[in-house]
There are 2 protein chains.
Amino acid sequence: MTIGVLGGGQLGRMLALAGATLGERFLLLDPSAESPAGHVGELRVGAYDDEAALAELAARCSVVTYEFESVPVAAVRAIEARGVPVFPPPNALETAQDRFVEKSFFQALEIPTAPFAKVDSKDDLVRALDQLGLPAVLKTRRFGYDGKGQAVLHTKEDVDAAWAAVGGAPSIVETFVRFERELSILGVRGREGSAMSYALVENHHAGGILRVSYAPAPRIDAALQVKASAYVERIARELSYVGVIALELFEVRGELVANEMAPRVHNSGHWTIEGAETSQFENHVRAILGLPLGSTACIGASAMINVIGEMPERERLLRVEAAHLHAYGKDAAPGRKLGHVTVRGATHEALVDRIERLRSIVG
Amino acid sequence: MTIGVLGGGQLGRMLALAGATLGERFLLLDPSAESPAGHVGELRVGAYDDEAALAELAARCSVVTYEFESVPVAAVRAIEARGVPVFPPPNALETAQDRFVEKSFFQALEIPTAPFAKVDSKDDLVRALDQLGLPAVLKTRRFGYDGKGQAVLHTKEDVDAAWAAVGGAPSIVETFVRFERELSILGVRGREGSAMSYALVENHHAGGILRVSYAPAPRIDAALQVKASAYVERIARELSYVGVIALELFEVRGELVANEMAPRVHNSGHWTIEGAETSQFENHVRAILGLPLGSTACIGASAMINVIGEMPERERLLRVEAAHLHAYGKDAAPGRKLGHVTVRGATHEALVDRIERLRSIVG
């Protein structure tokens, strides 16, 4: 049986590695012949709107998934039209691709969000600021990632610059959330409808890019974990979701505020390869194949450090006790995610020194 | 960097999966186009004495390894002659490929073995039995595996049948060891000379094929573990070994008797993927690349059950709590190793029920 994947980056690569263990083969579609997933699965080089490529995926695969949320919904629909199921379902993609739809969806499910408003013009923005107050964040509705297509407004004077920063595109404006920390949670739902979730993770970003995750997030009380699990499982049920889904949250005075969701395996879940009984990648593959889901229990405490821009000497990383390197086989480039390192131990406290050493090596 | 592997079976496949995580690419040579390692790495179809294939491996790879101990030493020497290192070193292959050389080597290192004698003729066999007593086991010196090329002698009447069973090939005869159980231990040694070992494993065979391994072996006192580690590390040092090596042992009245070694990753080490901090596959790759070795510490207790002949429904296997399936992507055939399942828990006792369920599913 072959699994099709739209996208041949590191997420596709780690899906293929996890799926190979279950005996699956992978056909990955990506416009770049250098796609790192091509080292461990079969790569089909082609655009996501290449009809012949999509037809080939549909003809050769029993199920198709994707590794990035900006995948064209039309591509997914074209595969479905040929009778091959695509998971996660396209409605999840459509919801996640539009921040206004996404936030409205959270609101409808009684999942707290920052107050927000739709912005289609500079006038809309001015009116919304009157209502929401300042500071606020303006974000394009579509295709923002890693902090791009966003602007923070501190005063009304910032309106022109912010509107220019989003290129006058359809946007939403939100109250700026003064959060204590950024958290995320992964859910997974099977084809038969069972849903599970992993432990809450604490995330640290810099320059809009995830740098470090701690799992489980230190100092989380059980009630907050239960609430986060309920949110992500509610989202998954409502979307008739199949696969792994990530929900990014802010912790604000002991409460959770939903920021955004990603209908795919997620960088803040890479710790699960060593740190959970079943990795996010294996559980995604199990889910889309209709296999029973694996336990999401943590094995001790983990920390994941992203390697960005430049790969340090592997010798130095691997000399750190219990450091697990995942190198994606990509060429170095500023801001590019080249790999990650996970360390695991009995408790988060036991890891602190090793995390510091790894962070200093990763730079 | 590309790693060459002689052999594209499940061991090559699991090496390629582990090495991909470290960012490595693999070129695997195997006579069969259906080799399962070809699903996750680049397969070069060719015989092991195909000079063009060996030249290609040497030209494209920075280091070459192998996944089976009957690999022709000439193939390894041909690659070395082109200036590309092959690990484990050929002298380890030569030692492991001849049971008489191997047992003599153990003896020279003061590692206990069953009493044995070289047999080149039926007369040699009769004379040896006078000296060693009965029962005894006759084994071909070369190319025996999974219980083939062996005969047990209970009386002197068995001499003719035994000699016929080994086809009159150069052999050794050993005193039949009345052991309490079969154990094995994995060692790993790096290019710079550091050596480590894993926990002793308890193995159960049927029909000459490994069926189940428990790791760590239950009820092993620390002194026995220390002794086993010393044996396998002594062997590795003496051979200037690089990579993972397996040593099969019998437990006899609280002592260890060495049976044979395998200069490669080993079926009795598959539990390390989930059950040890660093898997045998990753440590083999780290070793041959000259990278620091990873911790061999156990994570709780594990059991590994081989799937042989027929693959049961994955659904049933994966429904068992914390069962990890490894399917090799091979077609079913009687006696063929198609995959394995590992379960891990806090203690061996906690696993007993799950092991029984898995064994009944695997059949």
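In chain A, strand β6 (residues 136–140) and strand β8 (residues 171–175) run antiparallel and are joined by five bridges. Helices (H or I, at least four residues) and strands (E, at least two) are DSSP runs, numbered from the N terminus, and two strands count as paired if DSSP finds at least two bridges between them. Within this pair, Lys139(A) stands opposite Ile172(A) of β8(A).

The model is predicted: local features need pLDDT of at least 70, side-chain atom pairs count only at pLDDT 80 or more, and totals for chains, interfaces and linings use all residues. Residues are numbered from 1 along each chain as its sequence is written, chains are lettered from A and ligands numbered from 1 in the order in which they are written, and side-chain values use heavy atoms, with hydrogens and water left out.

The pair belongs to an open sheet of four strands in chain A, ordered β5-β8-β6-β7 with antiparallel pairing. At its edges stand β5 (116–119) and β7 (150–153) of chain A, each with a single partner strand, so one side of each has no neighbour in the sheet. From one strand to the next the twist averages 20°; axes are lines fitted to C-alpha atoms, for helices over the stretch in contact, and angles run from 0 to 180 degrees between N-to-C directions. Helix α5 (residues 99–108) of chain A packs on this sheet and touches β5, β6, β7 and β8 of chain A, its direction making about 150° with that of β5(A). Contact here means heavy atoms within 4.5 Å.

In chain B, strand β8 (residues 171–175) is mostly covered, with five of its five residues buried. Buried means under 20% relative accessible area, exposed over 50%, and partly exposed in between (1.4 Å probe, protein chains only). β8(B) pairs in the antiparallel sense with strand β5 (residues 116–119) of chain B over four bridges, where Phe116(B) has Glu174(B) as its bridge partner.

Four bridges link β2(B) and β3(B) in the parallel sense; among the residues involved, Leu27(B) has Glu42(B) in β3(B) as its bridge partner.

Helix α2 (residues 51–60) of chain B has the buried residues Ala53(B), Leu54(B), Ala55(B), Leu57(B) and Ala58(B). These buried residues of α2(B) pack against β1 (2–6), β2 (25–30), β3 (42–45), β4 (63–66) and α3 (73–81) of chain B. At the start of α2(B), a side-chain oxygen of Asp50(B) comes to within 3.0 Å of the backbone nitrogen of Ala52(B). A polar contact is a pair of N or O atoms within 3.5 Å; within protein, one must be able to donate a hydrogen and the other to accept it, and residues adjacent in sequence count only if both atoms are side-chain atoms.

Chain A is divided into domain 1 (2–86), domain 2 (115–175) and domain 3 (181–362), with bounds that come from an automatic or database domain assignment. The C-alpha centres of domain 1 and domain 2 of chain A lie 35 Å apart.

Further along chain A, Gln225(A) lies in helix α8 (residues 222–238). A polar atom of its side chain is 2.8 Å from the backbone nitrogen of Leu200(A). Asn306(A) lies in strand β15 (residues 301–308) of chain A and is buried, with a relative accessible area of 3%. A polar atom of the Asn306(A) side chain lies 2.8 Å from the backbone oxygen of Leu210(A).

Finally, the two chains can be compared. Chain B can be laid on chain A with an RMSD of 0.0 Å by a turn of 180° and a shift of 0.0 Å along the axis. The two copies are thus related as by a two-fold rotation axis. Copies are superposed by least squares on the C-alpha atoms of residues with pLDDT of at least 70 in both. Of the residues of chain B, Val40(B) comes closest to the rotation axis, at 2.2 Å (C-alpha). The same surface serves both copies, since 100% of the contact residues of chain B recur in chain A.
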